[in-house]
Amino acid sequence: MSIAGNGLTSNVLKEIELALKAHELIKIRVYGDDRDARIAYLQEICSQLSCHSVQSIGKLLVVYRLNPDLHKPQAKQESPAGARRKTADKAGFDLRPGRPTTSNAPRKSLAGAPEPRYRKPSAGAGRTRKSAR
């Protein structure tokens with residue numbers, strides 16, 4: 001949220017109201033250098049929207065309003081017979097139909113690929129050095 005050159009209009013208050021319903025804690029940036037205007041904006045927002053001032057640092061205002069709809073305990077939904085679903089019943093990502101697993105994955109065909117090049121063995125691999133002969 002931000003308050004710019006037009007000040008605290010009714011449209012800005014509506015947007016702050018919507019943001020408070022959705023998030024409870026919001027930051028509002030005030031563009032302008034007048035400290036008294038920022039304090040007045042904060043007091044007006046808190047009085048009109050029934051919210052609390054949390055913090056005011058520089059051009060940033062932080063306000064909070066509890067939304068009880070966001071904190072309602074959700075009812076637990078149980079399966080019909082109350083039976084728990086076993087983890088073995090759930091198909092994993094690799095076990096879905098059409099997905100090859102590592103054990104049955106098709107091998108890449110090397111038809112037409114060149115033979116691997118011959119590599120000379122390293123100096124100490126199976127042959128003695130000239131000095132040791």
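What share of the 133 residues in the protein is buried? The answer is 18%, where buried stands for under 20% relative accessible area, exposed for over 50% and partly exposed for anything in between, with a 1.4 Å probe and protein chains only. Before I go on, please keep in mind that this is a predicted model, in which local features need pLDDT of at least 70 and side-chain atom pairs count only at pLDDT 80 or more, while totals for chains, interfaces and linings use all residues. Residues are numbered from 1 along each chain as its sequence is written, and side-chain values use heavy atoms, with hydrogens and water left out.

Let me turn to the overall layout. The protein has 2 helices and 4 strands, and from the N terminus on these elements follow the order β-α-β-α-β-β; helices here are DSSP runs of H or I with at least four residues, and strands are runs of E with at least two, numbered from the N terminus.

The strands form an open sheet with the order β1-β2-β4-β3 and mixed pairing, where two strands pair if DSSP finds at least two bridges between them. At the edges lie β1 (2-3) and β3, each of which pairs on one side only. Strand β2, residues 25-30, runs antiparallel to β4 and is joined to β4 by 5 bridges, and Arg29 stands opposite Leu60 in β4. Helix α1 packs on this sheet, touching β1, β2 and β4, and its direction makes about 150 degrees with that of β2; contact means heavy atoms within 4.5 Å, and such angles run from 0 to 180 degrees between N-to-C directions, the axes being lines fitted to C-alpha atoms, for helices over the stretch in contact.

Strands β3 (residues 52-57) and β4 (residues 60-64) pair in the antiparallel sense over 5 bridges, with Leu61 in β4 as the bridge partner of Ser56. Their hairpin has 2 residues between the strands, and Gly58 there takes a positive phi near 60 degrees.

Finally, the helices. Helix α1 (residues 10-23) and helix α2 (residues 35-49) pack at an angle of about 65 degrees, with their axes 11 Å apart. Their contact is made by Leu13, Ile16, Glu17 and Leu20 of α1 together with Ile45, Gln48 and Leu49 of α2.
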